Amino acid sequence: MGARRSLGRRFGWLWAAYAVSAYGSGFGFGALPLIAVLVVDAGPAEVSVLSAVGPAVGALVALPLGPWVEFHRKRPVMIAMDLVRFTALLTIPVGYALDRVTFAQLLVVSAVVATAKIAFGAASGAYLKALVRPDDLLLANARFESTTWSAIALGPPLGGAAVGVFGPVASIGADAVSYLLSALGITAIRGREERPRRSGERRDRAAEVLDGWRHLLTHRGLRALYLNQLLVSGLIMASEPLLAVLLLGDLGFPPWQYGLAFAVPCVGGLVGSRLANRVVTRYGQHRILRTVGTLRAVWLIGLAFVQPGVAGLATVITVEFAIVLSMSLYNPVLATYRLQQTPRDRTVRTLAAWSIGTSAAIAILSALGGLLADATSPRTAIAVAGLLILASPLLLPGRPAADPVPDREPAAASF
């Protein structure tokens, strides 16, 4: 019943906006590296730089935006970030039509999109907290999670087909349009949003920038979950390119089998996200964070034992399904707990700090995984990641954390 309950028209518009941009991102998945190879003749080193430097620069640029977004109305910020991404991505089809796409342009677009993504995500989390009742936060986050996994399952195959039919910039053009549609959807949300007020004395900008990390690292429950997330996300994401090399290179899997190995497990994302509200109601938030947080760490080691042929394909699908199922059940519970335990006047900075730290961990562990794979083999590097992640449950909170933090100011939106 909870999964079908309406959260109101305003949430419906927010969810629709999220869905269209999520499907656009899925449709345009991998578009920038693809354009780098097919259009500007970039080599492996340049593609690696594009994948790492753009998001890293975006995270650095987003760092000082936290306090600014915190004390401004969130809906205009979200609309602005969607329009920024629409404009940045649209420069690529335009440049392609004029035969002027450059590698430097791709780097700039990657950094701009990464910056806007962090700012949008932080603003939308704070806006969601004001938009729905506290008891509905988990249900709302679960719906976002379900949408994410369905977009991951359907978007990349459709985007690849579009590139094959319409050319290398087709998918990124569709991704750009999705952000424009998202901005229109957020614009359709009605209701008065009050400008957030600062609590206490005005502080210097540097101190305000660090407030997000200060909150994460001084709150016992959030500190444990944050450190756990850095390790788990970093190791899982670091293993993905290594698995691609192992499957497509060493084991000779055809591309269609490789795509199937990652599309089918996304069904687990739909299942897990729909179960989140039900299992938390039955077992409690803390038990789910502990149990599922542990379960999501035990599967990765299985990818080190993949063999050629149908059996190997079945192994990858099974392991990835288990990982996705666990993550999709865990993520909305974690997102809800994080909002519950964060004061309203620090929500944006906390969410931005979480995103920036996660991105940095993924970049660092991916680089280390690549170096280890070069020195040994992709299979060995995946095995090391699988062994290291088994220690991550030790970072989970050992007992229920404090009660939800009371907000320090009235709700940011009035409906």
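This is a predicted model: local features need pLDDT of at least 70, side-chain atom pairs count only at pLDDT 80 or more; totals for chains, interfaces and linings use all residues.

**Helix contacts and a cavity**

I began with α12 against α14: Cys 266, Val 267, Gly 268, Gly 269, Val 271, Gly 272, Ser 273, Leu 275, Ala 276, Val 279 and Val 280 on the α12 side touch Phe 321, Val 324, Leu 325, Ser 328, Leu 329, Pro 332 and Val 333 on the α14 side. Sorted by class, that contact holds 13 nonpolar, five polar and no charged residues.

Next I checked the geometry of the pair. Helix α12 covers residues 266-283, and its axis comes within 7 Å of the α14 axis, crossing at roughly 40 degrees. With angles under 35 degrees counting as roughly parallel, α12 is therefore oblique to α14. The handedness of the α12 and α14 crossing came out as right-handed.

How far apart are the axes of α11 and α14, and at what angle do they pack? I get 8 Å and about 25 degrees, for α11 at residues 255-263 and α14 at residues 309-340. That angle makes α11 roughly parallel to α14. The crossing of α11 with α14 is right-handed.

For the residues, I listed Gln 257, Leu 260, Ala 261 and Phe 262 from α11, meeting Leu 313, Val 316, Ile 317 and Glu 320 from α14. The class tally for this contact is six nonpolar, one polar and one charged.

**The other neighbour of α11**

I then turned to α10 (residues 220-250), which packs with α11 at an angle of about 145 degrees, the axes being 10 Å apart. This crossing is right-handed. From α10 the contact uses Glu 240, Leu 243, Ala 244, Leu 247 and Leu 248, and from α11 it uses Pro 255, Tyr 258 and Phe 262. I count seven nonpolar residues here, no polar ones and one charged. Phe 262 is also on my list for the α14 contact.

The largest share is from α15, with four residues. By class, the lining of this second largest cavity divides into eight nonpolar, one polar and one charged.

Methods
Residues are numbered from 1 along each chain as its sequence is written. Side-chain values use heavy atoms; hydrogens and water are left out. Helices (H or I, at least four residues) and strands (E, at least two) are DSSP runs, numbered from the N terminus. Ala, Val, Leu, Ile, Met, Phe, Trp, Tyr, Cys and Pro count as nonpolar, Asp, Glu, Lys and Arg as charged, and the others, Gly among them, as polar. Axes are lines fitted to C-alpha atoms, for helices over the stretch in contact, and angles run from 0 to 180 degrees between N-to-C directions. Angles under 35 degrees count as roughly parallel, over 145 as roughly antiparallel, 65 to 115 as roughly perpendicular and the rest as oblique. A crossing is left-handed if the near helix is turned anticlockwise from the far one by less than a right angle, and right-handed if clockwise. Contact means heavy atoms within 4.5 Å.
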